Amino acid sequence: MLNNFFGFKPDRSKYPSVNEDGSLNIDLSSHQYTKLWLGPNHPGVTGNMAMELTLNGDEIVEGKTHVGYLHRGFEKLIERRLFVQGFPTSIRMCVAEPDTNEYLIAACTEELSGYDKQIPDMAKWLRMLSLEMARLQGLLRGVPGQAGTYSLGIGVQWGVYLRDLILDRFEELTGARVYHMYIIPGGVRGLLPEGFKARMEDNLKDIDDFIVRIKKLMFDNAIFKKRSIGQGIVTKEMVDKYGVVGTTARASGVKRDVRKDNPYLFYDQLDFDPPTAEEGDIYARTFVRWQELIQTVDLIRQIMAKMPEKGDIRAQMPNVLNWRIPKGETYVRIESGRGEYGMYYVTDGSDKPRRVNLRGPSYTHGVALLEDLLVNTNIADIHALMVSLQTCPPEIER
Amino acid sequence: MNIKDIFTPFTAWSGVLKDPVTIKNPIGREAAPRYRGFHDNDINVCIGCGTCEAICENQAIDLVPVDGIDTKSGDSGLRPKIDYGRCCWCALCVDICTTDSLRLTNEYTWVDTDADNFRFIPGVDPKDWYEKEDGWRKPVPNYNFYGKERVHMGELHADERSDSFIEFVKGYSKEQAQQEADRCVSCGICTATCPAHMGIPEYIKAVRNDDMEEGMRVLYETNPLPEICGRICTHKCEDVCSVGHTGDALSIRWLKRYIADQIPADTDKYKDILGTGDLAKNGKKIAIIGSGPSGLSAAHYLALLGYSCTIFEKLPKAGGMMRYGIPEYRLPYDQIDKDVDYIAALGVEFKYNVNIGTDITLEQLEKDYDAVFSGTGLHLGRSTRIPGSDNENVYQSVDLLRDIVLEKPVPVKERVVVIGGGNVAMDITRSMARLQMQQFGKVNVITTSLEDEEHMPADREEIVEAREEGCSIIPGYGPQEIIIEDGKVKGLKVWKCLSIFDEKGMFNPKFDQAEERVFEGDMVIESIGQGMDLSYLTEEIKSKIEFNNRGRIVVDADFQAKGLPWLFVGGDIIEGPDVIHGIANGHRAAMGIDKFLNQGR
């Protein structure tokens with residue numbers, strides 16, 4: 001009893017009772033349970049989808065995820081556009097890391113048209129730089145954002161400021177801050193501007209400092225530990241059962257990283273080892289992401305040191321207005337900040353794709369896995385759980 | 001968890017004394033030099049090709065007419081209007097812009113209470129940001145949305161061709177043709193400029209799709225002489241090709257030749273492809289004078305409408321200037337025959353060696369036929385009328401070129417001087433060089449023109465190729481006297497030409513006497529233009545029709561002669577001179593004849 005009082009652990013000995021077939025006996029007319037709809041009421045990450053919760057007090061006994069409020073039909077829109085016209089649409093599928101979508105469209109079209117061998121090295125290095133910068137800005141928001149869900153706002157402020165600096169670098173490299181539209185079929189759309197590396201290095205130094213400070217703020221924080229350790233545990237068995245990927249899988253002890261397992265671009269030339277943890281709870285996931293923040297800063301330094309100074313940025317491709325790709329299909333996967341991120345792409349010999357299907361990590365993390373993890377969670381921890389699973393409803397629904 | 005964890009987070013207070021990092025005035029913040037903000041367009045460079053509209057994935061761009069910009073050859077007169085309710089700032093429009101006129105500035109903050117203001121024409125509607133240099137421009141290096149370099153057609157080396165009249169430009173292979181056709185952005189600027197308004201983007205698309213039969217159908221919609229035009233057309237389309245603004249223009253002419261070359265010389269096959277196997281006759285008869293491009297074109301389209309056409313030709317074979325003016329190395333006779341045979345197969349009757357005026361009169365034609373089309377062309381050489389030009393060793397290029405085709409004896413001397421800088425001058429220069437090579441084993445032809453090298457009217461490749469074949473092209477000199485000694489031509493005295501036209505734009509060349517040169521030669525060929533021979537028109541007819549101040553017959557839009565409704569006139573004597581104008585005239589005259597004869601219907 002005392003433990004329950006201090007550990008905020010509910011007494012689950014009586015409710016809910018279990019039926020003979022194993023299902024929960026939730027009788028709403030008994031006045032012991034409450035139905036609560038959480039969302040869709042918010043333009044932010046966790047509020048784009050709805051959760052139908054059955055509560056016992058402030059504890060969740062059953063949770064159902066409902067998506068469908070954000071469906072924009074982007075895949076169909078891309079299927080009705082020329083190959084080169086797809087990328088400005090694709091980035092809207094996932095705001096958090098738009099570059100991943102750009103790269104996937106480019107990689108799919110290049111592979112199916114046979115131009116993947118002709119992409120200039122310079123373009124490949126710039127693509128890697130842009131993808132790692134996208135990961136970095138995502139982590140700068142995601143890592144302190146985890147504390148933000150527990151109302152620790154100061155880390156979010158630090159992170160957003162540093163993310164803005166990375167967006168400044170994106171702005172000068174790609175011409176835009178959020179929707180970069182930089183990676184295009186055949187290559188990229190610009191070389192590094194003069195003095196880019198020096199300015200980037202200045203920002204990375206600030207981020208180094210931030211990494212130390214955020215550790216003290218979050219990971220050596222009694223409240224953060226209290227609320228995240230032991231919460232939302234994804235076990236090793238669940239990783240394969242649900243198809244969990246990325247940092248979520250790595251925090252459960254499954255070392256799974258497309259950059260290592262199936263290297264693309266020049267990732268095989270970079271020196272890195274994806275961080276892992278064993279616990280599989282919210283704390284472990286956040287801590288793995290914090291380690292990945294260190295690693296991403298290091299990767300950007302490696303890329304800037306190894307990339308050539310000059311070179312072509314785009315392969316000589318057919319006229320974009322007349323470009324037809326022979327019949328074929330492919331599935332290209334890469335490691336985004338949230339995990340394995342893939343695109344299924346079918347062409348039929350015409351000037352437009354026949355089928356485009358995006359398969360992001362949120363689809364498993366944020367729908368099926370979340371339903372499982374919601375049970376027995378306190379209502380105040382739902383957002384922490386969703387953020388720790390890196391749920392991104394725009395990518396679930398496209 | 002330990003007691004330290006309770007106090008460590010308070011280290012965040014160390015930031016309290018630091019300067020804030022927020023920007024006080026975000027509105028005034030200058031964006032990066034590459035930032036994609038609002039559009040700007042250099043409307044004087046822009047040609048309104050509409051490629052931006054074609055690539056825009058949101059249909060945010062509309063090409064609209066703009067006050068003060070007129071539609072002209074090579075410029076649609078339209079300019080892009082951007083709808084910022086749709087624009088996603090991807091700048092694909094900038095990346096594909098054929099003239100590099102469109103760009104995005106780095107201005108991104110603009111507030112307006114009227115939503116309609118967010119639809120404007122960049123470069124036309126005044127905006128504050130046009131003077132900003134920064135913004136998105138087409139990336140460099142080697143970033144092209146379409147091929148910039150032309151696929152060259154193979155040709156025989158000068159050594160191999162200089163003594164022979166065989167065609168020296170080889171055709172495209174399938175791969176070459178498709179690679180070249182891929183560069184087309186299908187803007188249609190060419191179609192508007194082509195006198196015959198050929199469906200150029202459509203037949204280039206047929207090349208891309210490897211559908212030669214569709215290509216033939218597109219060609220024959222507006223041009224019944226594709227083999228000929230595919231070789232010697234003056235390709236005004238290529239001069240205005242939008243792709244040519246920042247790269248090589250498309251080889252539109254060679255692609256046309258490629259399509260026509262793929263179809264075998266079989267009139268039944270032609271009829272099968274073009275669906276002309278069974279043409280109903282309407283019982284009306286049309287007489288056509290001259291079998292040049294305008295006459296053949298008129299006959300073809302009249303035959304398709306069911307008219308029975310008879311072509312009267314003074315010379316032994318059909319083709320007019322195309323056969324008797326253009327040397328065989330540029331246009332082989334079998335290719336002329338291929339086009340002519342198909343027109344004959346449509347039921348057009350050819351009467352050769354018939355001289356209108358002597359063998360049969362125009363009045364007789366009027367009686368025997370429902371209407372007459374005359375496209376008699378420019379077959380009279382013009383003389384410079386300088387001292388000595390009446391010598392027997394001074395020739396006219398048209399006469400010599402005709403004699404070469406007729407296989408009459410052509411006088412060839414060891415040293416030849418040609419006066420003229422047009423394509424006909426190049427034709428006679430290169431023909432004489434070949435004859436010299438055959439007879440003497442060496443070339444000695446000097447060609448001089450009033451115009452300087454830059455302004456010579458001849459096609460650039462003609463000049464280059466003539467030089468490759470050993471001819472001397474010396475532009476910028478005006479002929480003053482043909483030096484005659486003992487009745488024999490010794491050379492041509494020329495002065496440096498300073499200017500050709502006076503302030504009023506009239507032909508009035510100025511010379512620098514101090515810079516005098518003598519081009520030595522045993523014969524001089526004048527090639528300074530041709531005149532028309534209208535002697536077949538009787539005085540009575542002449543009194544009924546009108547002539548303009550250049551001596552040309554006045555016709556209306558249907559090429560119907562003013563004053564004589566049954567007489568239609570076209571070809572070089574009206575417009576041109578070139579083949580494609582003749583084809584266009586003939587086509588429109590055919591429509592005019594149909595209108596005239598079916599007015600009551």
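Does A:Glu201 count as buried or partly exposed? At 22% relative accessibility, A:Glu201 counts as partly exposed, where buried means under 20% relative accessible area, exposed over 50%, and partly exposed in between (1.4 Å probe, protein chains only).

1. Basis of the note. This is a predicted model, in which local features need pLDDT of at least 70, side-chain atom pairs count only at pLDDT 80 or more, and totals for chains, interfaces and linings use all residues. Residues are numbered from 1 along each chain as its sequence is written, chains are lettered from A and ligands numbered from 1 in the order in which they are written, and side-chain values use heavy atoms, leaving out hydrogens and water.

2. Confidence in chain A. The mean pLDDT of chain A is 87, and 95% of the residues score at least 70; pLDDT is the predictor's confidence in each residue, from 0 to 100. Within chain A, helix α1 (residues 2-6) has the lowest confidence, with a mean of 54, and helix α12 (residues 282-306) the highest, at 93. Helices (H or I, at least four residues) and strands (E, at least two) are DSSP runs, numbered from the N terminus.

3. Salt bridges within chain A. Over all chains, 73 salt bridges are counted, each being a side-chain nitrogen of Lys or Arg within 4 Å of a carboxyl oxygen of Asp or Glu. A:Glu201 forms one of them with A:Arg301, at 3.0 Å from N to O. This pair links helix α12 of chain A, which holds A:Arg301, to helix α7 (residues 196-219) of chain A, which holds A:Glu201, 100 residues apart. A:Arg301 is partly exposed, at 26% relative accessible area. In another salt bridge, the closest N and O atoms of A:Arg259 and A:Glu132 are 3.5 Å apart. A:Arg259 lies in helix α11 (residues 258-261) of chain A and A:Glu132 in helix α5 (residues 121-148) of chain A, so the pair ties together parts 127 residues apart in sequence. A:Arg259 is buried at 1% relative accessible area, and A:Glu132 is buried at 0%.

4. A link between the chains. A:Asp168 and B:Arg29 form a salt bridge through their side chains (3.2 Å, N to O). Helix α6 (residues 153-174) of chain A contains A:Asp168, while B:Arg29 lies in the loop between α1 and β1 of chain B, so this pair joins two chains. B:Arg29 is partly exposed, with a relative accessible area of 25%.

5. First sheet of chain B. An open sheet of three strands runs in the order β1-β4-β6 (chain B), with antiparallel pairing; two strands pair if DSSP finds at least two bridges between them. β1 (39-41) and β6 (135-136) of chain B are at the edges, each with a single partner strand, so one side of each lacks a neighbour in the sheet. Three bridges connect β1(B) and β4(B), and B:Asp40 stands opposite B:Arg103 in β4(B). Two bridges join β4 (residues 102-105) of chain B to β6(B), where B:Gly135 is the bridge partner of B:Thr105. On β4(B), B:Leu102 and B:Leu104 on one side and B:Arg103 and B:Thr105 on the other are all buried.

6. Another open sheet has the order β16-β17-β18 (chain B), with antiparallel pairing. Its edge strands are β16 (477-485) and β18 (507-520) of chain B. Nine bridges pair β17 (residues 488-501) of chain B with β18(B), and B:Trp495 stands opposite B:Glu516 in β18(B).
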